[in-house]
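Hello,

Here is the structure I said I would pass on. Please look through it first, then read the notes below.

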Amino acid sequence: MSRLGTLGHRLYTGDVSIGFIGRRRWWYLISVVLTLLAIGAVLLRGLNFSIEFRGGVDFQAPVSSGSAAVAIAPVREAVADVGVTGASEPIVTAVGDRQIRVETPPLTNADISTVRKAIGESLDIPAADVAYSSIGPTWGGQITDKALISLAVFLCLVMVVIWGYFREWRMSISGLVALLHDVVVTVGIYALVGFDMTPATVIGLLTILGYSLYDTVVVFDKVRENTRGLVASARSTYSEAANLAVNQTLVRSINTSVIALLPVAGILFVGAGLLGAGTLKDLALALFIGIAAGTYSSIFIATPLLCDLKEREPAMRALARRAEQRRRPGGKQLGAPVVVTTAGDRDPTGSSPLVAAQLTQPTQARGSVAVAAGRAQPQRRSRSARRSKGRGR
């Protein structure tokens, strides 16, 4: 068995335990810092919305000679010098090694022809080879509204589904907080790196929310299994049972995340970095960040928050008090040993009976006196002893 498999077995059986729930204040602090940094990045740097959201004209032209990266500066200078209003600061990027993309604000038909001619002259190609598409700001606003509506509907459905499956509203709240954390962190990293927010990014965000929800539900299902009948048995507190559930699913979460991140990393670093596929870059970055954040939130946010909410219940408070009493020295323990002594056994001082045996269950032995429930229980004599006593009479 591999080391990870051995560790997973020991975590599942409880031989090794990592105190995730006990250190929840640290996880909350880290999550709050990450969230504030993400919000600060969005407020200070802002998001680079793609042309699909802000509207404008998208020009694409092939590069006849050299690489696209080298042609960026000449194309930008040529478009800026034509004197077209709104095209003085165009966004010029390379799409792979053989294509140039130029984005400008909305232009008139005459201005579009002028810009196409300037791009063609800078690349030594006919103006007819410069393709373009015009996107109005109204369409971009519709895309934004639909994205926000989709996110709101998804979050509402998440709450309903989790409550319907577990019959526990606290799990719905905890899962929703974890999902919001994942969205905020992902959007904040987009603001830091300066990637464009495109419709592909919105699709990626909805995808990672589904993945994060799946990972959280798996952990919650194990929590429900470990806490079933917990109040009646009083074998541990809710936090202890939940911490065991997190340890039992830890290796599964790591394996699932690594397997999911490998192909996404391939898309991000090979497809976007080497091949220059812009759409793949937007989608892959959202997936990569979201999967990592979803794994973190299901372990370090959702389950600890569930324990905080659950242990506010009177029944769970009483359970915690009973568990604490059982752990105190001299306290009544579950399955506490019962002292059994035999007649005539004395300690070296001769002042008290000597313990002959300790049993985990109240046991009655022939010819002995069992001390149970604070009083001596007389034991039945053997049949031969009773007959001898009868003859003596």
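Predicted model: local features only at pLDDT ≥ 70, side-chain atom pairs only at ≥ 80, totals over all residues.

Phe59 stands opposite Val102, a residue of strand S4.

Which residue of S4 is the bridge partner of Val92? The partner is Val102, the residue that also stands opposite Phe59. S3 and S4 form a hairpin with four residues between the strands, and Gly96 in this hairpin has a positive phi near 75 degrees.

**The chain as a whole**

The protein chain has 13 helices and 10 strands. It is 393 residues long, and 38% of them count as buried. If you take the contacts between residues at least 6 apart in sequence, 72% join residues at least 24 apart. The accessible surface of the chain is about 22,100 Å², and carbon and sulfur atoms account for 61% of it.

**The cores**

The largest nonpolar core has 50 residues, and the members that touch the most others are Phe20, Met171, Val223 and Tyr238. Six helices each supply at least two residues of this core: H6 (137-166), H7 (169-193), H8 (199-227), H10 (238-274), H11 (278-310) and H12 (314-327). Which of the helices gives the most to this core? That is H11, with 13 residues.

Leaving out residues up to four places away in sequence, Met171 touches Ile162, Phe166, Phe220, Tyr238 and Leu306. There is also a second, separate core of 21 residues, which includes Ala71, Val102, Val115 and Leu123.

Thr216 is found in helix H8. Is Thr216 buried or exposed? Its relative accessibility is 2%, and buried means under 20%, so Thr216 counts as buried. Again leaving out residues up to four places away in sequence, Thr216 touches Gly175, Ser298 and Ala302.

Regards

Key
Residues numbered from 1 in each chain as written. Heavy atoms only, no water. Core = buried A, V, L, I, M, F, W, Y, C linked by side-chain atoms within 4.5 Å. Buried < 20%, exposed > 50% of the residue type's maximum accessible area, 1.4 Å probe, protein only. Contact = heavy atoms within 4.5 Å. Areas by Shrake-Rupley, 256 points an atom, 1.4 Å probe, with all protein chains shown as cover. Pairing = 2+ DSSP bridges.
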